[in-house]
Amino acid sequence: MPRFLFLSSSARSGGNAEFLARAAAGALSPSAPQRWLALNDLSLPRFEDRRHSGRPYEAPLGEEKELLEATLDADHLVFVAPVYWYALPASAKLYIDYWSAWLRVPGYDFKPRMAGKALSAVTIISSEDETEAEPLIGCLRLTANYMSMDWRGALIGRGNRPGDVEKDARAMGAAKRFFSAAA
Ligand SMILES: Cc1cc2nc3c(=O)[nH]c(=O)nc-3n(C[C@H](O)[C@H](O)[C@H](O)COP(=O)(O)O)c2cc1C
């Protein structure tokens, strides 16, 4: 059974993205392990680009280490990420920026171990125009491609205030089937 890691990046708890993702996760086989992490609850320092500085990235400690190991332990990563200004929320973007460091930390073999994992997104827009989610979805699709991961697509719901997505019958129906090929 694939191990799922749900990475929530809403800047509030109890929002629409998590509601829709929990509906999708509820259709998974009970034997498929699920882990949920709220990226905003982790205290990752700002990302530092050391690539050309001669200062190597050190082995992560604390919550960064926990996040790296949770990432490597998963078979299927799910970004639970509302559209913020057409793009990913900052906590999700910061998390992906850290991949650039983890690619270079000795001993983890990050890139070969990420290859072949599944990546998908559960997102929310308040706009009627779903094309506004394209930058967010394109970022994740291209990242999956760069990392030789298997892009499984995005589940898009509509909402603005907490609870709104529950009334989006199309998205709530699609949630039940979203992971059907995955577990
Ligand atoms: C900083 C910020 C930027 C947003 N940008 C957009 C946007 O570009 N397009 C859109 O349709 N909705 C946008 N929204 C609305 C959110 O996507 C919507 O309220 C969503 O329900 C928030 O997710 P949550 O309920 O999981 O917290 C934005 C909300 C915030 C707080």
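**View A. The largest nonpolar core of this predicted model has 41 residues.** A nonpolar core here means buried Ala, Val, Leu, Ile, Met, Phe, Trp, Tyr and Cys residues joined through C-beta atoms within 7 Å, with "buried" meaning that 20 or more other C-beta atoms, placed from the backbone, lie within 10 Å of a residue's own. Among the residues with the most contacts inside this core are Leu7, Leu20, Val80 and Val122. Helix H1 (16-25) is one of the elements giving two or more residues, and H1 gives the most, with seven. Helices (H or I, at least four residues) and strands (E, at least two) are DSSP runs, numbered from the N terminus. Residue numbers start from 1 along each chain as its sequence is written. Since the model is predicted, local features need pLDDT of at least 70 and side-chain atom pairs count only at 80 or more, while totals for chains, interfaces and linings use all residues.

**View B. Leu20 and its contacts.** Skip the neighbours within four places in sequence, and Leu20 still touches Val122, Ile124, Leu155, Gly157, Val165, Ala171 and Ala175; contact means C-beta atoms, placed from the backbone, within 7 Å.

**View C. Five strands make an open, parallel sheet, ordered S2-S1-S3-S4-S5.** Strands pair if DSSP finds at least two bridges between them. Strand S2 (34-38) and strand S5 (150-158) sit at the edges, each pairing on one side only.

**View D. Two parallel strand pairs.** Seven bridges join S4 (residues 118-125) to S5, where Leu119 has Trp151 as its bridge partner. S1 and S2 share five bridges, and Ser8 is partnered with Ala38 in S2.

Notes. A residue is buried if 20 or more other C-beta atoms lie within 10 Å of its own, exposed if 12 or fewer, and partly exposed in between; C-beta atoms are placed from the backbone. Two residues are in contact if their C-beta atoms, placed from the backbone, lie within 7 Å.
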